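Student: I would like to learn how to read a model of this kind, feature by feature. Where should we begin?

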Amino acid sequence: MTEEAILQGCLNNEPGAQRELYQKYSSKMLSVCYRFAHNREDAEDMLQEGLIKVFSQIHTFQNKGAFEGWIRRIVVHTCINHLKKNKRFNESVDLIHATSVQIREESVPSIVQAKQVVECIRILPIGYRTVLNLYAIEGYSHKEIAEMLDIEESTSRSQYTRAKQMLEDILVRKKIIQKPSDRSGWFRIAAGR
Amino acid sequence: MERDFYTDEFEDLIKLKADQFRMYPSDKVWKGVNRSLHSSKRKYWFGFALLLTGLSYLGIDQLIVSPPAKQIANPKPGNPVSENKGAKVIPFDQLITGSLNSGHPIQSSSEKQQDLSPSADEITKNLPGFEQSITPDSDVSILIDKPILGMPYASKQEASAKQPNIVSIEKSSNPSIYPIITTSQLDLQGEEDIQKLNWLQEFAVYDLITTKPKRLTWQLSFAPTMNYRRLTGSKNAHIQSNSRNIPIALSIEGDLDRLVNHKPALGFELGSYLLYNVTHNFSFKAGLQFNYSRYEIQAYSSGTERATIALNSINGLNSPSISNLTQLRNFGGYAVQNLQNQYFQVSVPLGIEVTVLGNNKLQLGVSGTLQPTYLLNRNTYLISSDYKNYTREPSLVRRWNINTSAETFVSYKTAGLKWQVGPQIRYQLLSSYTDKYPIKEYLIEYGVKIGVTKTIR
């Protein structure tokens, strides 16, 4: 089924087309949600909520950009809203205080490659993690992040710098990456890239 | 410069690895999505159809079709059984003395005899010394001491001292009617017997049981309603002080009601209630009610914009917000979009009904209920904090609510039914949205309620 056919079917509220869309994007979008979420269950809740929004707002999609990108924006916004509704996120956003957080080495799962990196991202404090996800992976600007998270733009920048530093430390300590000893660059990963 | 190079490479690595990462959702995610997209509507309509079917069945059963048992209890006029329903026989020994002592003349007439006939078998059971023999397909005879000898009533008194006594009850050709005593076959033995039988003819009146008042009634009602809402929030379009850090679009000054273009729309209410009559004029009321409420919103299409809803914080320090992408504007866009905020509610009304004035036929009454309400489904658009956009955010819609309703009505009793009609108003006590949403919406419904009430027997 082509993307156009899926889109048209979803516009007509056809269950078959909706199922196709789900099968095509759910895995990728769950991975997005998982990076923001506290655990897998939360991630699935976010995905479900996000996909319901996708289906209910699909008539607003204009063929100006990639369909996947449009879905991803909705899912990311859903994740952010989900986090904001969580009292823990609002009160301990750790956007300012997270520098004091100690990384417990034993909490890093020993899984290789992509999963290992993602799991390392997930052990970052929630505020760091969110900014890093939005900036480094989702490609939002600091201005957009500031709007989404209701913070100052400068706060977003500083949080990202700290988040990145912390992630680097974790990855190096876990020997997932190596710090550059010369100008050949970062990251010689044991399992390869 | 070197650092930037490394940094970019690090970011690329993170992005690459994150994009490579895959997880597969469990089945419950699709089930949840699918249920939300399809089954909820199906379930709602199925439930609604079931409710309507149930109420219709009850209505037809209670109001139109009488079951066979009731047909027997309410036979055609002229059927002697009808006057004897619920009657009981006064013990002979007690009443015969009383009637004789009162000096009331003892007479006989064949016409009056027929009036007694419906419960002759009951009567005879109370007569000492009487032996009853009933065969299904033949005449029913009551034997008194001697074998049967048929004799005209006119000669009974002459022959009473000599002839054996016979009371014969001929079974009616109509099986639904009790057998009738035929005086032509009546014979008496002595004066005492004559008195007894004359008493049977004349004074075995039935002491009708005073039926207890039926306290429970069932009511079915329908009301087309005009629905609207009352909005309260900040007095102008600036978001509340505890949300002032939210990055919002340019504020628009003014009262919220003047900044939105909403119109009332038609809905309906369907209810089934049980009423317990405490007194003749006062009843308690409880039941199940379905309400469909809606009102119209005029909006405009636009390009994709961010709609930010500033939320009320619980502790007053943080000011969270929710951002959604939307293509609906409150003000100018390139096309008009007519939206509807719809609510499907089920509630349990608990209240009272009072008859203010009137007679047995025509009455004026008032009624009031408090209605714990559950929102079955909704289709709602929320306005953003800057009043510029509409967006959907189901998580901010309240599921449980409380409504109150007041009505006055004129009722008319006819053929065992009470029909009533009158205006009613229903008001939602809690906002349609959760406390986090700074704007409060209270639904209001005006309608004309038509109801029919039937006493449960």
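**Reading helices, cores and strands**

Tutor: Begin with a helix and its buried residues: in α9(A), these are Ser156(A), Gln159(A), Arg162(A), Ala163(A), Lys164(A), Met166(A), Leu167(A), Ile170(A) and Leu171(A). Keep in mind that this is a predicted model.

Student: Why is Thr155(A) counted as partly exposed?

Tutor: Thr155(A) belongs to helix α9 of chain A. It counts as partly exposed because it has 18 C-beta neighbours inside 10 Å, and a buried residue needs 20 or more.

Student: How does the span of α9(A) agree with what its 21 residues should give?

Tutor: At 1.5 Å a residue the helix should span 30 Å, and its end C-alpha atoms are 30 Å apart, so the two agree. Just after α9(A), Lys175(A) takes a positive phi of about 60 degrees.

Student: Which residues of α3(A) are buried?

Tutor: They include Ala43(A), Met46(A), Leu47(A), Gly50(A), Leu51(A), Val54(A) and Phe55(A), along with the charged-type names Glu44(A), Glu49(A) and Lys53(A). The 17 residues of α3(A) reach 24 Å from first C-alpha to last, close to the expected 24 Å.

Student: What is the secondary structure of chain A as a whole?

Tutor: Chain A has 9 helices and 0 strands. Of its 193 residues, 45% count as buried. Among contacts in chain A with a separation of 6 or more, 57% are between residues 24 or more positions apart.

Student: How should I read a nonpolar core?

Tutor: In soluble globular proteins, nonpolar side chains tend to be buried together. Here the largest nonpolar core has 59 residues, and those with the most contacts inside it are Met29(A), Cys33(A), Leu47(A), Val75(A), Cys79(A), Leu132(A) and Leu167(A). α2(A) gives the most to this core, with 10 residues. At least three residues come from each of domain 1 (1-85) and domain 2 (94-193) of chain A. Apart from this core lies another of 14 residues, among them Leu328(B), Ile383(B), Tyr387(B) and Tyr390(B).

Student: With which residues is Leu167(A) in contact, leaving aside neighbours within four places in sequence?

Tutor: Those are Cys120(A), Ile121(A), Leu124(A) and Leu132(A).

Student: How many residues of each chain are in contact between chain A and chain B?

Tutor: 42 residues of chain A are in contact with 38 residues of chain B. On the chain A side, the largest share is the 9 residues from α2(A). By class, that side has 19 nonpolar, 12 polar and 11 charged residues.

Student: And how do I read paired strands?

Tutor: In a regular strand the side chains alternate between the two faces of the sheet. In chain B, strands β14 (residues 400-414) and β15 (residues 417-428) run antiparallel and are joined by 10 bridges. Ser405(B) has Arg426(B) in β15(B) as its bridge partner. The hairpin of these strands has 2 residues between them, and Ala415(B) takes a positive phi near 50 degrees. β15(B) also pairs with β16 (residues 440-455) of chain B, in the antiparallel sense, over 11 bridges. There, Leu417(B) has Lys454(B) as its bridge partner.

Key
Residues are numbered from 1 along each chain as its sequence is written. Chains are lettered from A and ligands numbered from 1 in the order in which they are written. This is a predicted model: local features need pLDDT of at least 70, side-chain atom pairs count only at pLDDT 80 or more; totals for chains, interfaces and linings use all residues. Two residues are in contact if their C-beta atoms, placed from the backbone, lie within 7 Å. Helices (H or I, at least four residues) and strands (E, at least two) are DSSP runs, numbered from the N terminus. A nonpolar core is a set of buried Ala, Val, Leu, Ile, Met, Phe, Trp, Tyr and Cys residues joined through C-beta atoms within 7 Å. A residue is buried if 20 or more other C-beta atoms lie within 10 Å of its own, exposed if 12 or fewer, and partly exposed in between; C-beta atoms are placed from the backbone. Domain bounds come from an automatic or database domain assignment. The expected span of a helix is 1.5 Å times one less than its number of residues. Two strands pair if DSSP finds at least two bridges between them.
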